[in-house]
Amino acid sequence: MVLYTVKCFTVLKPVAAERKRKALNVQIFYVFMIHFLCYLTLYLHYEKKSIIVFYIVQMIVSIIYMVSYHAIYKGSSRLITNNMSFLLLIGYVMLTRLDFDLAKKQFLFATIMLVVTAFLPLFIMKFPQVRNWNVFYAIFGIGFLATVFIPHVGVDKYGSNNWISIAGISMQPMEIVKIVFVFFLASSFLKAKNLKDMTKTICVAGLFMLVLVAETDLGGAVIFFMVFVMMLYLATGKHIILIGGGIGGSVVAVVGYMLLKSHFGHVTMRIDAWLNPLKYIDGSGYQVAQSLFAIGSGGFEGSGLCQGSPTSIPVVSSDFIFAAICEELGVIFGLCLLLMYLSCFIYFINISMKIRDTFYKNVAFGFTICFIFQIFLNVGGVVKFIPSTGVTLPLVSYGVSSVVSTLIMFGIIQGICVLENSGVDKNVRQKKAVQSGWAEQEVTERPQYRDEDEKKQNRQQKSEQDRRGSEKKSRRYADRKKQPDTDEFWGE
């Protein structure tokens, strides 16, 4: 796991393409080796042939996905594919250990979504008009969030009314709407021309968060708020947004909690458990206390897969799966897992910086903030750094809604990579090059000159333009030769 994590950061460096390709291939070897050793341990412990079958099916799906995806999309990123596959496989391992039925269900839905999200890069390239649908995003997002208030559809779980159940299938609308929310902000900020347009966007974004507060889904509301503040900062470039957002958010949270304390009874219990879990160990503090005991008993190396007692932690398969990982696979494994998430974060930020399209720059940045802040909320609650918010660990925790939304985000970011690498905006760059005077200009019709002086003057001007263009080309070529193959950052 340590070696895999080191490779995550090796491929981020601006090194030669061949060296990066080898590092990515070695990563795949580490993925399948860790996966094999974990399932060998599980089989030796439970002695069930169904575990072997489940392992083989996972291997087949993973290999087919990795090979076919990069064969179809030459400009896609292998680092994203490697990390995404590894996170899913770690999740399958831990869910097989905790609840085999949940592992099979997670695998089924994740495999379906891998097929569906494989078409997202194609969708992004073929439908550029998605940048204009801000009104649709607002109506659909708020409407879908509000479905939890429909009688016999909305379901109350763990103190929050943020679930819906249709035909026996349960899901959290917030997980899907957070993707819609990012697209809404990206589209609205792109189309905003004045203060009035920006005010409308802020009001609608506030309405999203008010619906989440009404659902008592404070974890979702915090994620939406952070995404909004950071995307607004990216759109305006004003540092006061960060300061004002931090102070304003803190004030609203404290005042709202004091005024609505009776309405958020489960939040009060979580805060009490966070402040002193041992005092409330027979009640609200039991989950946090068991989580800390599990992490401490596992130590750096872990007690070993199937050698701990992670099932003593309530809701361990979803909200507190990180504690189970640290107990049985070790704190070192858990820290490497967090560093792997960090490498994804750095890579996504770089994608947001490099993409020339303003709309997709905002989208990539919004997904990056949503992704990393969800990890912070989950792990922070598990280790008692912050109160537990009930959010899942992306691609590892059990949760169909969470896996679906995360795979969609990864698929869209892959699509942005493909969009940038496919040269879609070569025409834009060519147009800018022509305007700067260094690109070759096509002459469709030979001009007519009234006299020899005018002809000579135009010939001299053209010669001067060609000379300047050649110098600029030479400088650009020299600068590129000084740098490593940075295009490798975007894909193979």
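Predicted model: local features only at pLDDT ≥ 70, side-chain atom pairs only at ≥ 80, totals over all residues.

Reader: OK, where does E328 sit?

Author: E328 is in helix 14, which covers residues 321-329.

Reader: And which backbone nitrogen lies 3.0 Å from a polar atom of the E328 side chain?

Author: That of C306. The E328 side chain also reaches the backbone nitrogen of G308, again at 3.0 Å.

Reader: What else is E328 in contact with, leaving aside its neighbours within four places in sequence?

Author: R97, plus G302, S303, G304, L305, C306, Q307, G308, S309 and P310.

Reader: Where is E47, then?

Author: In the loop between helix 2 (17-46) and helix 3 (49-72).

Reader: Is E47 buried or exposed?

Author: Exposed, because its relative accessible area is 63% and the cut-off for exposed is over 50%.

Reader: What about V315, what's its phi?

Author: V315 has a positive phi of about 55° too, and it is not a glycine. V315 lies in the loop between helix 13 (286-298) and helix 14.

Reader: And how does V315 count for accessibility?

Author: V315 counts as partly exposed, because its relative accessibility is 25%, and that class lies between the 20% and 50% cut-offs.

Technical notes
Residues numbered from 1 in each chain as written. Heavy atoms only, no water. Helix = DSSP H or I, 4+ residues; strand = E, 2+ residues; numbered from the N terminus. Polar contact = N/O pair within 3.5 Å; in protein donor to acceptor, adjacent residues only side chain to side chain. Contact = heavy atoms within 4.5 Å. Buried < 20%, exposed > 50% of the residue type's maximum accessible area, 1.4 Å probe, protein only.
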